[in-house]
Amino acid sequence: MSINPREQVALLRSLAEWTFLGAAAGVLSGLASAAFLIALEWATNTREADPRLIWLLPFGGAAIGWVYNKVGRQSEGGTPLLFERIHTREGAISWLMAPLVAFGTIGTHLFGGSAGREGTALQMGGSLAESLGRVIGLREEDRRLLLMGGISGGFGSVFGTPVAGAFFGLEVLTVGRIRYDGLIPCVVGSIVGDMTCRSLGVGHHQYNAGPTPAFTPLFMLWVALAGVAFGLASLAFAELTHAIQNAFRFAIRVNWMRPFVGGLFVLGMTELVGNRDHLGLSLPLIDRSFTPGGVSLWAFALKLLFTSITLGAGFKGGEVTPLFAIGATLGSTFAWVTGQPTATFAALGFVAVLAGAANTPLTCAVLGMELFGSGLAAPLMLACVVSYITSGHRGIYPSQRIDTPKSSAITMRADLPVSDAHHGAVQVGPAGVVPLGRWSPAPNPDFGAIPAIPPLDSTESA
C-alpha cells in the first residue's frame, strides 16, 4: 500500500478548517447559552419571589404567541425546523430564531410554564451557526455541517456535558444512524461551547446518584424492567404532547389564543394539585427524587401532563429538562415499588426517558456518565437501550428521519420522518419476522401509499 501525500494534506486541511469553524460555532453557542441561563435563573428566582406572577401566565402566553405571529413565523417551527433544514438542504434559518426563542422561553418560565431549556439552546446555537455560514460564504453542504456543530454546541453548553453534546448532534437527526460527516464540527462545537459558557462563570446543576450498587443478574433485570417503564413514559409524553398540539390547532384558529387557553389549563391544574412543584424546570423536584420518599408516587405523571399542555399549547422552551424530571421521579417511584436504590434508579430514569423520547440512546448513556460518573456505565447503557426500543418509532422531534428500524420484524419506507410513523407507515411483517435487508429507496408496495400529514394553514392569524 502506498501513501498518497495529497490525501493526507487534504485531510489535515479539512481538520484545520472544521476545527476553526466548529470552534466559532461553539463560541457563539456558548455565549448565547450563558446569557440565556443567566436570564433563565433571573426569571425563575423572580417567579419564586413573587408567586402572584403565575396568574399572568395566560397573558404572557398570548404575548409570546402574538410576537411570533407578527415577526417570527419563519422561526416558529423551532428545533424540528433545524433538523428539516439539514435533511432537505432547502430554505434558511433566520437569525431572528435566537432572540425570539430566548424571549419566549424566558417569558414561559417567568410566569410558570412547565418547559425546559434545551430547545432554546439548540435553536440559538443552530440559528447563529447558520447565520455565520451565510456571512462567510460557506457552500450549502458545509452550512449544514456547521448547523450540526451549532446544535451540539447548544446542547453541550446548556447542560455542561460536552461529550454528550457532541453525540447529540451526530445521533439526533436520524434514528439508527450516526452522522459521521459532522464529527469534527460537533465535537469541537460542543467542547468549545461548554468551555465558553463555563469561562463566563455560568455553572450547572449537580446531582448525586449515591453509591454504586453491585451489578448482580437480579439487579440488571430490575434495570431492564425499569427501562421498559421509562420507554413507555417516553412514548406517552411524545404522543400526548403531539395530540394536545393538534387539538389546539384544530380547536383554536388564532395562534396567540392557544397559549392563552393553555395557560388557563396550567393555572387550573396548579390549583387542583395544591403545589407548584411542576412549574418551570422543576429542579427542586428532581433533587428530591434522589431521596427515598422525596416525591409522591404520581409526581412523574403530573410533570408529564403539565409539560405536555404547556408545550402543546404553544409556549416556548424545551422538552429535555422536563423529561429529566419525569424520568427521575418515575425512577424514584419504581425504586419504591421494587425495593431498589432510590438514587440509582432516579439517575437511570433521568437519562433513559430522554433516550426513548429523543431516540438517542448513546447520547443519553454518555450524558448519564458525565452527570453521575462512569461507575453506572453498564446500567445506564442498558436502561437507555431498553427505553429506546420500547418507545417505538415515535419521538419528540417529528422531523427526525428513520434510517434503521428498531427491530428486524419492522419494515417501513426509506428515510421515513418520525411524524409519518403515526400514519401507518410502520408495519409488522404479516408472516412474523420479516428480514429488512438493505434499504430500498421506494416505499414497500405491499403496504400501499403512506398518507401525508396535512400542512398547517399558513394563513392562520388574528
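These are my notebook entries on a predicted model of one chain.

**Entry 1: ground rules**

I number residues from 1 along each chain as its sequence is written. The model is predicted, so I take local features only at pLDDT of at least 70 and side-chain atom pairs only at pLDDT 80 or more, while totals for chains, interfaces and linings use all residues, and side-chain values use heavy atoms, with hydrogens and water left out.

**Entry 2: the whole chain**

I looked up the secondary structure and found 16 helices and five strands. Helices (H or I, at least four residues) and strands (E, at least two) are DSSP runs, numbered from the N terminus. The chain has 462 residues, and 55% of them count as buried. Buried means under 20% relative accessible area, exposed over 50%, partly exposed in between (1.4 Å probe, protein chains only). I then turned to contacts (heavy atoms within 4.5 Å). Among those between residues at least 6 apart in sequence, 77% join residues at least 24 apart.

**Entry 3: α1 with α4**

I looked at how α1 (residues 5-49) packs with α4 (residues 97-110). The angle is about 20°, and the axes lie 8 Å apart. Axes are lines fitted to C-alpha atoms, for helices over the stretch in contact, and angles run from 0 to 180 degrees between N-to-C directions. The two helices are therefore roughly parallel to each other. The cut-offs are under 35 degrees for roughly parallel, over 145 for roughly antiparallel, 65 to 115 for roughly perpendicular, and oblique for the rest. The crossing of α1 and α4 is right-handed, as the near helix is turned clockwise from the far one by less than a right angle.

I listed the residues that meet. From α1 they are Phe36, Ala39, Leu40, Trp42, Ala43, Thr46 and Arg47; from α4 they are Thr105, Ile106, His109 and Leu110. By class, this contact has seven nonpolar, three polar and one charged residues. Ala, Val, Leu, Ile, Met, Phe, Trp, Tyr, Cys and Pro count as nonpolar, Asp, Glu, Lys and Arg as charged, and the others, Gly among them, as polar.

**Entry 4: Leu15**

I stayed in α1 for Leu15. Leu15 is partly exposed, at 40% relative accessible area.

I found an open sheet of three strands, ordered β1-β2-β4, with mixed pairing. Strands pair if DSSP finds at least two bridges between them. Strand β2 (residues 401-402) runs antiparallel to β4, and two bridges join them. I noted that Arg401 has Pro417 in β4 as its bridge partner.

**Entry 5: α7**

I checked the cover of α7 (residues 162-171). Eight of its ten residues are buried. Among them are Pro162, Phe168, Leu170 and Glu171. The buried residues of α7 pack against α5 (118-135), α6 (140-159), β1, α8 (183-199) and α15 (361-372).

Is Ser127 buried or exposed? Ser127 is buried, at 0% relative accessibility. This residue sits in α5. Leaving aside neighbours within four places in sequence, Ser127 is in contact with Leu82, Ile93, Ser94, Met97 and Ala98.

Thr333 lies in α13 (residues 320-338). Thr333 is buried too, with a relative accessible area of 11%. Not counting residues up to four places away in sequence, Thr333 touches Ser296, Leu297 and Phe300.
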